[in-house]
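Biologist: I would like to learn how to read a structure like this one. Could you walk me through it, one feature at a time?

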Amino acid sequence: DAALHSSVENCTLCSKGTFSSAKGRTQSCDTCEAGRVATAEGLSSCELCAKGTYLEDDGSNAALHDSLADCVSCNTLTSSTDRSTCVACGAGQSAVNGTCVACGT
């Protein structure tokens, strides 16, 4: 129906946990992907979880992507480069600020 698309008032902001690359207002919003959150309404992209944290949900539940608190800390022997999962550091390594480094460095 063309009448539904005749004015910006017909558009709504994307809710927290979702985004739209259409300048924040759209009829269709996407849930953030794994490792990303949208902490405010109307965002055009999602932000990465902090270093050393991860968020596994693949974008099926926007409520799991609406706060940085949704990002879970990796344990001390893992890192999270893509923020969607934690991976074990290699032999002789430990995680410092979410990145695996050689022990003693």
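**Reading the cysteines, charges and one arginine**

Modeller: Let us start with an arginine: the side chain of R83 reaches the backbone oxygen of C49 at 3.0 Å. Such a polar contact is a pair of N or O atoms within 3.5 Å; within protein, one must be able to donate a hydrogen and the other to accept it, and residues adjacent in sequence count only if both atoms are side-chain atoms. Before we go on, please note that this is a predicted model, in which local features need pLDDT of at least 70 and side-chain atom pairs count only at pLDDT 80 or more, while totals for chains, interfaces and linings use all residues. Residues are numbered from 1 along each chain as its sequence is written, and side-chain values use heavy atoms, with hydrogens and water left out.

Biologist: Which other backbone oxygen lies 3.4 Å from a polar atom of the side chain of R83?

Modeller: That is the backbone oxygen of A50. R83 also has contacts, meaning heavy atoms within 4.5 Å. Leaving aside neighbours within four places in sequence, R83 touches G35, L48, C49, A50, K51, T53, Y54 and L55.

Biologist: Where does R83 lie, and is the residue buried or exposed?

Modeller: R83 sits in the loop between β9 and β10. The strands are DSSP runs of E with at least two residues, numbered from the N terminus. With a relative accessible area of 14%, R83 is buried. Here buried means under 20% relative accessible area, exposed over 50%, and partly exposed in between (1.4 Å probe, protein chains only).

Biologist: What should I know about phi here?

Modeller: Most residues other than glycine have a negative phi. R83 has a positive value, near 65 degrees.

Biologist: How do I read charge pairing, and how many salt bridges does the structure hold?

Modeller: Side chains of opposite charge can pair when their charged atoms come close. The cut-off for a salt bridge is a side-chain nitrogen of Lys or Arg within 4 Å of a carboxyl oxygen of Asp or Glu. The structure holds one, and its partners are the side chains of R36 and E33, at 3.4 Å from N to O. R36 is partly exposed at 26% relative accessible area, and E33 is partly exposed at 48%.

Biologist: Why is the disulfide of C14 and C29 called left-handed?

Modeller: The torsion about its S-S bond is about -90 degrees, so the link is left-handed. C14 lies in the loop between β1 (12-13) and β2 (18-19) and C29 in the loop between β3 (25-26) and β4 (30-31), so the pair ties together parts 15 residues apart in sequence. The sulfur atoms are 2.1 Å apart. C14 is buried at 0% relative accessibility, whereas C29 is partly exposed at 31%.

Biologist: What does the disulfide of C32 and C46 link?

Modeller: C32 and C46 are joined at 2.0 Å, S to S. This pair links distant parts of the chain: C32 is in the loop between β4 and β5 (36-37), and C46 in the loop between β5 and β6 (47-48), 14 residues apart. C32 is buried at 0% relative accessible area, and C46 is buried at 10%.

Terms used. A disulfide is a pair of cysteine sulfur atoms within 2.5 Å. Helices (H or I, at least four residues) and strands (E, at least two) are DSSP runs, numbered from the N terminus.
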